[in-house]
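Here is a briefing on the structure shown below. It goes topic by topic, in short points.

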Number of protein chains: 2
Amino acid sequence: MKIAIDAMGGDHAPKEVVIGAQKAIEHFPDIEITLVGNETLIRPYITNDERLSIIHTEQVIEATDEPVRAVRRKKEASMVLMANEVSEGRADACISAGNTGALMAAGLFIVGRIDGIDRPALAPTLPTIDGKGFVLLDVGANVDARPEHLLQYALMGAAYAEKVRGISRPRIGLLNVGTEDQKGNELAKKAFQLMQQTSLNFVGNVEARDLLEGVADVVVIDGFTGNVALKTIEGTAIAVFSMLKSALTSNVVSKMAALALKPQLMQLKKKMDYAEYGGAALFGLRAPVIKAHGSSDAHAIFHAVRQAREMVANDVVQTVKQSVAEIKQ
Amino acid sequence: MKIAIDAMGGDHAPKEVVIGAQKAIEHFPDIEITLVGNETLIRPYITNDERLSIIHTEQVIEATDEPVRAVRRKKEASMVLMANEVSEGRADACISAGNTGALMAAGLFIVGRIDGIDRPALAPTLPTIDGKGFVLLDVGANVDARPEHLLQYALMGAAYAEKVRGISRPRIGLLNVGTEDQKGNELAKKAFQLMQQTSLNFVGNVEARDLLEGVADVVVIDGFTGNVALKTIEGTAIAVFSMLKSALTSNVVSKMAALALKPQLMQLKKKMDYAEYGGAALFGLRAPVIKAHGSSDAHAIFHAVRQAREMVANDVVQTVKQSVAEIKQ
């Protein structure tokens, strides 16, 4: 199994990307990795060449580049060459921590869609209180979704939860403004009806306030609302921790108490850290494409490789193809 | 100034509603309050009749009632009679902690819309890290919004922020999936263009992760997305506090440290408590209608009365009428 990685994507590239990739090679004896990027900058962090190759290029897609144009024009960019490895059959999956929009464009235009999937979806796995996590999709690949897109998200999310996360008959929820069957905007109401007609384990509408309680294993919604939900979770967690920090350092007594609590607080932060769940997978493409967080460290890259490896090993793409074919019948 | 209150609405009605109303009467010498509900249940909590009257009724709209049907059929319900007080000119504003959907229906059908406002919007004021708060609308009055509705929300939010919250030239943001001008779904893109053409202090697109940082004084979006954002903030804050609680009670040392930190943690919780900002105002109606939180205690009811009083005293409805007229020219 071969995984192509954009070594130049993300805030801590190439250093953390290269270190994370090497860690993954050591840990998983069945994988090979191709790093794509500036060899002069990559080489210093490589300690072992085993099962590791480099494709040299000096072109990079920046975070500020307009995604579609960048993918079309920067034909030698590390992200584009990475996607080429997959589309031309030299790699089974690919990973980038770079420009999210550009990766979605590269996925769509270079890797290509699965037949029967109209729109790819971006799907992170988010933490829940019980530590099990849930898959949320779409968080922004497609901001103007139709009901049938949401149904396709449900099929793809179910395949992923079952094959990669090992959840049998995963619970599929529709993010909505209330739990009653008739709730929602036109999109949600129609998507609800479509999902009810499938053999999915559809648990109906779920509310945003119950997401972190683990109310479903897979939660589907349009990319606009999903993006807002994802960023609201991030923003609220950061805000609460920031307020907690100022509260805990407001005087000498609280500072001492906070010091005593440090192990517990660190553990809590770790629980909220979704790097452990890997990156956000782009579902609906002919091969696994993983968007690692822009701030990914080696640890996050390692988990993104693990995730890509599991998606390939368990043939999630094939499962999605079958589900789509079954629905069409 | 007279304020009508549904004494039977909310989890702690009528007790907390009555106590909160009395507290408000004592605090604000310029208001009279009419409590609507079962006099036998209300009376025991009344200590002073001054500027307080009761309209007796035994019918109540339950939390589980289908909103529109309940308002149409339960003609003697406390919430319906409360709205009648406003529509028939005997009260200047009204407050209920009961069924949100029913209150929206009562507002729309009984109190009535302002000319030029197509859809009312539900607008809570939410906490920010700096303690200043922001107004979010719509959080669910209208789940299928058009661009011109979002423009109307901006006008109404601006009037409220200026007149009641005392913010001159309030910053108006559009909740979106990115801060760049061209971002968003069709709705957001069109609403962006409309808002840019006004004299509002429109600061452009804002992201959900920056909401609690106080990135704008008023944030507008459709009721579906706004509802998800609101409930995600609530759910995430609750989840983080719940995880914090288990972390802080995991062993003897942490329990002792947590005890020392109790004042700081309580202060933090208070900061996140949006009862202080009043209830969610229903904007776009001919008189102020306030939806107090279902779990409102006397303290929250007191603040809802304060808020209704300020909306009447500063004539927010008239300001909205003028803004709408200016835009139409």
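Asp315(A) sits in the loop between H11 and helix H12 (316–328) of chain A. This is a predicted model. In it, Asp315(A) has a positive phi of about 45 degrees, although it is not a glycine. Most residues other than glycine have a negative phi.

**Asp315 in the two chains**

- Asp315(A) counts as partly exposed, at 40% relative accessibility.
- In chain B, Asp315(B) lies in the loop between helix H10 (298–313) and helix H11 (316–328).
- Phi of Asp315(B) is near 50 degrees, again a positive value in a residue other than glycine.
- Asp315(B) is partly exposed, with a relative accessible area of 40%.

**His303(A)**

- Helix H11 of chain A spans residues 298–313 and holds His303(A).
- Is His303(A) buried or exposed? At 10% relative accessibility, His303(A) counts as buried, because the cut-off for buried is under 20%.
- The side chain of His303(A) makes a polar contact of 3.0 Å with the side chain of Arg306(A).

**Cis peptide bonds**

- Most peptide bonds are trans. Two cis bonds are listed here, one from each chain.
- In chain A, a cis peptide bond joins Ala13(A) and Pro14(A), with omega about 0 degrees.
- Pro14(A) belongs to the loop between strand E1 (2–6) and helix H1 (15–27) of chain A.
- In chain B, the peptide bond from Leu137(B) to Asp138(B) is cis, and omega is near 0 degrees.
- Asp138(B) is found in the loop between strand E7 (134–137) and helix H6 (147–163) of chain B.

**Lys15(B)**

- Lys15(B) is part of helix H1 (residues 15–27) of chain B.
- The relative accessible area of Lys15(B) is 39%, so this residue is partly exposed.
- From Lys15(B) to Arg69(B) there are 54 residues in sequence. In space, their C-alpha atoms are 27 Å apart.

- Strand E11 of chain A covers residues 280–283. Ala280(A) and Leu282(A) point one way from it, and Ala281(A) and Phe283(A) point the other way.
- All of these four residues, Ala280(A), Leu282(A), Ala281(A) and Phe283(A), are buried.
- E11(A) pairs with strand E5 (residues 121–123) of chain A in the antiparallel sense, over three bridges. Leu122(A) has Leu282(A) in E11(A) as its bridge partner.
- E11(A) also pairs with strand E12 (residues 289–291) of chain A. This pairing is antiparallel and runs over three bridges.
- Which residue in E12(A) is the bridge partner of Ala280(A)? The partner is Lys291(A).
- E11(A) and E12(A) form a hairpin with five residues between the strands. In this hairpin, Gly284(A) takes a positive phi near 100 degrees.

**Symmetry of the two chains**

- Chain A superposes on chain B by a rotation of 180 degrees, with 0.0 Å of shift along its axis and an RMSD of 0.0 Å.
- The two copies are thus related as by a two-fold rotation axis.
- Ala257(A) has the C-alpha of chain A that is nearest the axis, at 2.3 Å from it.

**The interface of chain A and chain B**

- How many residues of each chain are in contact with the other chain? Chain A gives 50 residues and chain B gives 50 residues.
- The copies meet through the same surface, because 100% of the interface residues of chain A are also interface residues in chain B.
- The two chains bury about 4300 Å² between them. Of this, 75% is on carbon and sulfur atoms.
- There are 10 residue pairs in polar contact between chain A and chain B, counting pairs with both residues at pLDDT 80 or more.
- Four salt bridges are found across the interface. One of them joins Arg209(B) and Glu234(A), with the closest N and O atoms 3.0 Å apart.
- Elements giving two or more residues to the side of chain A that touches chain B are strand E8 (172–176), helix H7 (186–196), helix H8 (223–248), helix H9 (252–260) and helix H10 (262–272) of chain A.
- H8(A) provides the largest share of that side, with 21 residues.

Notes: Residues are numbered from 1 along each chain as its sequence is written. Chains are lettered from A and ligands numbered from 1 in the order in which they are written. This is a predicted model: local features need pLDDT of at least 70, side-chain atom pairs count only at pLDDT 80 or more; totals for chains, interfaces and linings use all residues. Side-chain values use heavy atoms; hydrogens and water are left out. Copies are superposed by least squares on the C-alpha atoms of residues with pLDDT of at least 70 in both. Contact means heavy atoms within 4.5 Å. Buried means under 20% relative accessible area, exposed over 50%, partly exposed in between (1.4 Å probe, protein chains only). Two strands pair if DSSP finds at least two bridges between them. Buried area is the accessible area (1.4 Å probe) that two parts lose on being put together, summed over both. A salt bridge is a side-chain nitrogen of Lys or Arg within 4 Å of a carboxyl oxygen of Asp or Glu. A polar contact is a pair of N or O atoms within 3.5 Å; within protein, one must be able to donate a hydrogen and the other to accept it, and residues adjacent in sequence count only if both atoms are side-chain atoms.
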